[in-house]
Amino acid sequence: MSDTVTTVTKNWLRNLKVSLFVTCLIDQFFPQVGESVVNVLRGLGVEIDFPQGQTCCGQPVFNSGFRRQARASAKRLINLFETSEYIVVPSGSCASMIKSFYPELFRDSPVMKERAEQMADRTYEFSQFLVEVMGVTDIGASYSGAVTYHASCHLLRELGVIEEPVTLLKGVKGVRYVPMDGLNECCGFGGAFSVKYPDISHAILKDKIRHIEATGADVVLSCDSGCLMQITGAMKRNKIKVRSMHLAELLDSKASHGR
Amino acid sequence: MDVKTQRFQKASTEALTDDRLQAVMAGAIDHFDQARKVAVEEVTPRVWETYRERGRKIKEHTIENLDYYLELLTNRVEGNGGVVHFARHTDEATSIVLEIARARGVKRVVKSKSMLSEEMGLNRVLEAHGIESVETDLGEYIIQLSGETPFHIIAPAMHKSKEEVGELFSKKLHTKRLTEIKSMASAARQALRRKFLEADMGITGVNFAVAETGTIVLVTNEGNGRMCTSLPKVHVALMGMEKVVPALEDMAVMLRLLPRAATGQRITSYVTFVSGPRRRTDEDGPDEFHLVIIDNNRNKLLADPELREALNCIRCGACLNICPVYRKIGGHSYGYVYPGPIGAVVTPVMVGLPKAKDLPFASSLCGACKEVCPVKINIPRMLLKLRSDLVEGSRSQRKSSIFDRLLSRIWGITMFSSFTLAWAHRLIIILQKPLKHEGNLRRIPIPILSRWMRARDFPSLARYSFHQKWKKTLKDESKGKGSAGNEEDLNVIK
Amino acid sequence: MFGVSKDEFLMRVRDALGKTEVSSDPEYLPLKIRRQHQRQKVVTVKARADARRTEILDSLVRVAGLNGWHVYRSGSVEGVVDYVVSLAKKKRVRRVVRSDDKFLKTIPLDERLQRNGANVKVVRKGRDLSRKQLRRDMAQAQLGITGVDYAVAETGTCVLLSRDGMSRAVSLLPTIHVAIVEAGQVYENLDDIFAICRLAFQDNRYDMGSYMSFISGPSRTADIEQTIVVGVHGPKEAHMVLLDSSGMKS
């Protein structure tokens with residue numbers, strides 16, 4: 001890359017302003033993941049704002065068929081993030097709710113649909129943002145251990161984010177990546193599905209746990225807290241010694257914040 | 001077929017706790033899925049995508065102009081010397097078949113695979129009228145002998161081990177106890193040979209119907225389809241109205257899609273193109289050809305633009321093979337003719353949404369079905385649509401539990417603003433104190449959440465939410481400056 | 001009458017689609033190709049088949065083999081006859097039925113088979129042979145021999161049209177089916193075949209013939225424990241004998 005281009009890129013990166021939609025699960029259960037997201041992005045020189053009015057993207061009620069409620073929720077979020085240039089979401093399912101389903105929700109109201117589409121365009125899942133928008137693959141993090149990765153369904157199939165999380169985790173110094181069998185297979189969470197049909201959910205989960213254990217990894221990673229809840233829940237109940245982490249937490253490990 | 005969709009919870013639990021069934025399914029379904037993957041690799045994913053796109057376009061165009069193509073098909077079939085009948089629902093279809101049989105003194109029927117005939121419960125009715133109707137597809141033959149319904153669209157007897165089949169044959173066919181699969185197939189071949197040669201009427205389904213030439217197409221491997229359409233004097237083909245494709249050349253891409261998606265084959269051993277009864281100068285073939293075109297609630301799918309693409313289905317079964325739910329609960333749990341993801345869409349529409357209210361919800365919406373569908377049907381979208389119909393649809397569609405509605409209210413209040421959320425957080429922190437165990441919750445005395453706890457721990461709520469942490473520390477991290485705005489302001493730090 | 005009239009049925013479909021009038025022709029391109037252009041298409045198809053003859057034959061042999069055909073490629077008629085005769089001998093065939101094919105008439109197949117003790121019946125309805133008798137003959141035969149109308153390299157398929165002299169059952173009822181393919185009958189892919197069929201349909205006053213059979217291997221099933229068994233209802237063995245007198249291998 002020529003000097004001018006590098007400078008322009010560096011300047012652009014330095015002036016990058018990003019709004020964080022932290023998601024309700026992370027806000028309430030795993031705030032440390034949100035912290036890691038902030039740390040990683042700040043370490044790259046990104047300015048972060050956190051619109052404090054945010055609560056939930058509406059996916060739980062949308063998935064349960066309560067579209068009226070989901071629309072109300074979506075409207076609030078669209079308003080809140082109206083002026084954000086980039087919206088980063090550390091969750092495949094929440095990002096795809098915004099990107100794939102917000103326009104769908106407002107199918108019958110042209111004005112809201114337009115605004116929803118605009119928000120969708122500006123929304124990125126966390127790993128997607130790092131790799132696709134910022135062009136960053138090595139955060140400068142380090143973690144020594146064997147790590148495996150579970151590809152969450154919405155991230156994979158709605159957003160088409162396949163390689164990015166693996167690229168990022170491989171960029172962490174000291175990490176030994178062990179791909180698991182059935183890496184693209186569902187973990188059985190599916191939100192309300194896991195409480196409405198817990199036995200089916202659990203039967204599916206058992207296979208995923210088996211695959212995780214078979215890798216011999218110390219850590220299982222995912223970009224979705226829902227999946228992590230499901231997987232961690234079973235591992236803890238069965239006293240399995242594998243640690244579960246959100247990708248952001250790995251990238252925040254012993255991170256040396258270079259610019 | 002009897003509708004048993006209300007039994008879903010029970011039936012799926014039975015399947016999950018049936019270790020033998022779980023073992024059989026694990027091997028069988030994996031086999032099909034692997035075969036499909038290999039077949040797709042062979043043509044390369046890029047080429048496979050072009051086939052899928054073309055296949056979808058053909059079906060979309062056809063369905064949008066369904067009346068036109070059904071009319072063309074009818075004209076051409078009649079021009080070939082065939083007779084076309086129209087049935088609004090299965091009772092009418094069954095009456096038509098009975099009448100054809102009665103008028104020709106038919107006593108013995110041989111049948112090749114037709115899911116539509118399952119919708120009609122045809123065999124039972126024929127038997128009740130003193131007409132022997134023998135299933136000739138080996139899998140269908142097995143379940144006919146055992147009195148069961150199909151377990152899978154492509155492999156109806158997938159759930160049966162070879163021991164079970166051996167035992168079944170020795171009991172019903174009076175063979176000695178067979179242990180080798182080869183000898184079982186031989187036994188079936190022998191038993192059914194005679195039936196083919198003596199039958200008065202052959203009944204088949206239709207995989208595709210080419211409007212342009214008035215041709216019905218059967219995609220098979222065993223040869224029973226050829227037998228049923230060549231040996232008896234009368235051939236009756238049962239066709240779902242959505243099976244029509246416009247042109248002969250459309251069959252090229254359809255034949256590239258169906259065998260690969262279904263069984264991983266480049267092409268099936270036989271593809272049979274029937275265009276009416278035998279011509280005068282033919283050496284053999286039936287004297288009469290009847291095509292029965294059936295609606296049976298397909299118009300309901302057609303009438304809803306969001307559900308219309310379910311009619312694109314070419315019945316390959318790929319979505320069944322990839323579905324994490326189907327793989328665990330198997331075909332019988334779905335309680336009607338079509339199991340798996342496509343079944344979860346069409347069944348509620350066919351039998352009534354309230355009756356089949358579990359089907360749209362018994363899915364994690366993982367989207368694997370959408371990914372493998374050879375004609376790119378977006379099943380998850382349609383499941384979501386059906387879920388919203390159950391909650392917000394018309395009177396005849398709505399069926400949601402009080403508990404769900406209550407939960408959604410609670411969610412609505414909690415998530416209304418960061419203020420209400422903060423208060424909910426404080427409340428739960430207090431309530432969860434006695435339940436915490438090493439940072440997790442082992443039991444939750446709320447009925448619905450307690451189900452989660454049967455096999456999993458649940459995380460406890462974090463002492464401080466991210467909202468709180470942001471306000472306390474993260475916001476002002478770098479420079480110690482902060483702007484105290486109200487919660488609608490964007491908090492930007494420099 | 002049981003069921004409803006065509007008009008009523010189609011009206012219901014139109015209602016569902018939200019259409020108030022009878023649909024006009026949607027002008028679907030593949031249906032708009034007129035006879036002269038279809039002929040042009042077929043000319044191109046045949047030219048390509050001629051130009052790439054060797055490649056296409058190699059492809060056919062390979063894919064057919066993968067599909068479970070026993071494939072034998074011969075440069076001469078004698079080679080073809082030898083193969084069939086030795087096959088009949090090996091399988092101890094007593095009864096043979098064959099289609100009344102133009103090509104099969106010209107080769108000394110019947111005599112050679114008969115010399116080896118097999119009874120050969122040409123399947124053709126006549127005053128002496130009733131449908132019942134014909135069928136019995138075919139059901140009892142161990143070997144059924146046919147020519148083909150076309151073969152498709154892409155899928156390893158033989159295409160047989162039912163007509164005067166070509167019975168449907170002769171390739172279905174006997175235990176072994178032998179299909180004799182001439183090199184000039186082989187085309188590259190499914191699109192080619194359907195293009196040819198469409199022209200035949202247009203040329204023959206919109207009649208495709210009652211029955212067209214794509215045969216791509218022996219009869220098989222995987223319905224019991226997903227284990228493949230060959231030879232369920234149709235032939236247990238399918239042999240493709242390719243007469244390629246272009247001078248390439250035997």
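Visitor: How much space lies in the largest cavity?
Guide: This is a predicted model, and in it the largest cavity holds about 160 Å³ of space.

Visitor: Which residues lie nearest its centre?
Guide: B:Cys323, B:Pro341, B:Ala362, B:Ser363 and B:Leu383 lie nearest the centre of the largest cavity, out of 18 residues that line it.

Visitor: How do the lining residues divide into nonpolar, polar and charged?
Guide: For the largest cavity, 14 are nonpolar and four are polar, with no charged residues.

Visitor: How many cavities of 30 Å³ or more does the structure hold?
Guide: The structure holds seven of them. About 90 Å³ of space lies in the second largest cavity.

Visitor: What lines the second largest cavity?
Guide: The second largest cavity has 14 lining residues, and those nearest its centre are B:Cys313, B:Cys316, B:Gly317, B:Cys319 and B:Cys373. By class, its lining has 12 nonpolar residues, one polar and one charged.

Visitor: Let us turn to the chains. Which pair of chains has the most contacts?
Guide: Two pairs of chains touch, and the most contacts are between chains B and C. There, 82 residues of chain C are in contact with 104 residues of chain B.

Visitor: What is the area buried between chain C and chain B?
Guide: The buried area is about 7900 Å², and carbon and sulfur atoms give 56% of that. In chain C, the residues that lose the most area to chain B are C:Ile224, C:Gln226 and C:His233, which together account for 10% of what that side buries.

Visitor: And how far apart are the nearest C-alpha atoms of chain A and chain C?
Guide: They are 19 Å apart, and chain A and chain C do not touch.

Visitor: Now the helices. At what angle do H6 and H7 of chain A pack?
Guide: Helix H6 (residues 92-105) and helix H7 (residues 110-122) of chain A pack at an angle of about 170°, with their axes 8 Å apart. Because the angle is over 145 degrees, H6(A) is roughly antiparallel to H7(A).

Visitor: Which residues of the two helices meet?
Guide: From H6(A), A:Ile98, A:Lys99, A:Tyr102 and A:Pro103 meet A:Lys113, A:Ala116, A:Glu117, A:Met119, A:Ala120 and A:Asp121 of H7(A). This contact of H6(A) with H7(A) has six nonpolar and four charged residues, and no polar ones.

Visitor: In chain B, at roughly what angle do the axes of H2 and H12 cross?
Guide: The axes of helix H2 (residues 19-43) and helix H12 (residues 250-263) of chain B cross at roughly 140° and come within 6 Å. H2(B) is therefore oblique to H12(B).

Visitor: What meets what in that pair?
Guide: H2(B) contributes B:Phe32, B:Ala35, B:Arg36, B:Ala39, B:Glu42 and B:Val43, which meet B:Arg260, B:Ala261, B:Ala262 and B:Thr263 in H12(B). The residues of this contact divide into six nonpolar, one polar and three charged.

Conventions
Residues are numbered from 1 along each chain as its sequence is written. Chains are lettered from A and ligands numbered from 1 in the order in which they are written. This is a predicted model: local features need pLDDT of at least 70, side-chain atom pairs count only at pLDDT 80 or more; totals for chains, interfaces and linings use all residues. Side-chain values use heavy atoms; hydrogens and water are left out. Axes are lines fitted to C-alpha atoms, for helices over the stretch in contact, and angles run from 0 to 180 degrees between N-to-C directions. Helices (H or I, at least four residues) and strands (E, at least two) are DSSP runs, numbered from the N terminus. Angles under 35 degrees count as roughly parallel, over 145 as roughly antiparallel, 65 to 115 as roughly perpendicular and the rest as oblique. Contact means heavy atoms within 4.5 Å. Ala, Val, Leu, Ile, Met, Phe, Trp, Tyr, Cys and Pro count as nonpolar, Asp, Glu, Lys and Arg as charged, and the others, Gly among them, as polar. On a 1 Å grid over the protein atoms alone, a cavity is a set of points where a 1.4 Å probe fits but cannot get out, and a pocket is an open set with protein on both sides within 12 Å along at least five of seven lines; lining residues have an atom within 4 Å of a point. Grid points are joined across faces, edges and corners, and a volume is the space filled by probe spheres set on the points. Buried area is the accessible area (1.4 Å probe) that two parts lose on being put together, summed over both.
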